[in-house]
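Me: I would like to go through the aromatic rings of this structure. Please take the questions one at a time.

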Amino acid sequence: MGYRIVVVGATGNVGREILNILAEREFPVDEIAALASRRSLGTEISFGDKTLKCKDLEQFDFTGWDIALFAVGSEATKIYAPKAAASGCVVIDNSSLYRYDPDVPLIVPEVNADAVLGYQKKMIIANPNCSTAQMVVALKPLHDRARIKRVVVSTYQSVSGTGKEAIDELWNQTKGIFVPGQEVAPSVYPKQIAFNVIPHIDVFLDSGDTKEEWKMVAETKKILDPAIKVTATCVRVPVFVGHSESINIEFEDFLAEDEAREILREAPGIMVVDKREAGGYITPIECVGDYATYISRIRQDSTIENGINLWCVSDNLRKGAALNAVQIAEVLGQRCLKKG
């Protein structure tokens, strides 16, 4: 016997990826419903070799369904996630709404799968921010070996993290630069994204950090270890899919770069591609469509006593969102619901 699964926000980038990954990983599905707003009612969505027609989220009854994977914004989630949970359907939420709620587990399965046991408090599990998810996958095995004191991370985040409108803006601005009369002014972003980088993701806080930077700090502490100090600078770059991160890690104990490389090679969810030659590293265009978090450029930081630098790349629509949500569903099924 399999699960009755609901995908909320099925017409969006992440919702479509969730459906793709459920099919690819052969998640034990007995029945599946694709939900979206009323304007998408009847829209056809692929699920493996099947075609689903979108149903109206507003009218949907979650009673009798096992798991709802939410891929909509916080406003819609605030309305419909509690309804799903109250009807006995476990919600796995991709928005930021519940990430910092102490009664809601925030999970990256390679890092803190045991936290899934706390789902019953609110029948909701939170998926972390895309930039946090790939970073903690890289940090966890190293933290287990040498205890991390401090992390300094700079991100290079693709436009797909903002949504389809941002992908279109990058595409149209790029074309417009080469075609006189087709120039496109910024609307999704505050400045031109084509051939540019923007050191601004989400809103600015009083501290001077952006909310994206604050999320990486707060979520790393909740998922991995509250004692770790994290400082982040988050930057949007003109890449369609795939987030990259330059990560500097300071440990309590010495960790040699060769040992760090071997630890990461053996760690779940990670692929190490680290040759000290031209092209001996992974770039975002090469990670698209893959499940793995890729690590390259592993090297000692000689400016501090116990330091390592590394380069971390992952498909933000997959590990940063849809894949992680499906992996949570797998853990939930195996450890708690035990149907499939």
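Reply: A residue is buried under 20% relative accessible area, exposed over 50%, and partly exposed in between. The model is predicted.

Me: Is F240 buried, exposed or partly exposed?

Reply: The relative accessible area of F240 is 35%.

Me: How many aromatic pairs does the structure hold?

Reply: A pair of aromatic rings is described by the distance of the centres and the angle of the planes. Counted over the structure, the aromatic pairs number eight.

Me: What kind of aromatic pair do Y3 and F27 form?

Reply: The ring centres of Y3 and F27 are 5.7 Å apart, with 40° between the planes. Stacked needs under 30 degrees and edge-to-face over 60, so the pair of Y3 and F27 is tilted.

Me: How many residues apart are Y3 and F27?

Reply: Y3 is in strand β1, residues 3-8. F27 is in the loop between α1 (13-24) and β2 (29-36). The pair links distant parts of the chain, and the separation is 24 residues.

Me: Are Y3 and F27 buried or exposed?

Reply: The cut-off for this class is under 20% relative accessible area. Y3 and F27 are both buried.

Me: Which residue lies over the face of W65?

Reply: W65 forms one aromatic cluster with F60, F62 and F70. A charge counts as over a ring if, among other conditions, it is within 6 Å of the ring centre. At 4.0 Å from the ring centre of W65, the residue over its face is R4.

Technical notes
Residues numbered from 1 in each chain as written. Predicted model: local features only at pLDDT ≥ 70, side-chain atom pairs only at ≥ 80, totals over all residues. Heavy atoms only, no water. Phe/Tyr/Trp six-rings, centres within 6.5 Å; stacked < 30°, edge-to-face > 60°. Helix = DSSP H or I, 4+ residues; strand = E, 2+ residues; numbered from the N terminus. Buried < 20%, exposed > 50% of the residue type's maximum accessible area, 1.4 Å probe, protein only. Lys NZ or Arg CZ within 6 Å of the ring centre and 35° of its normal.
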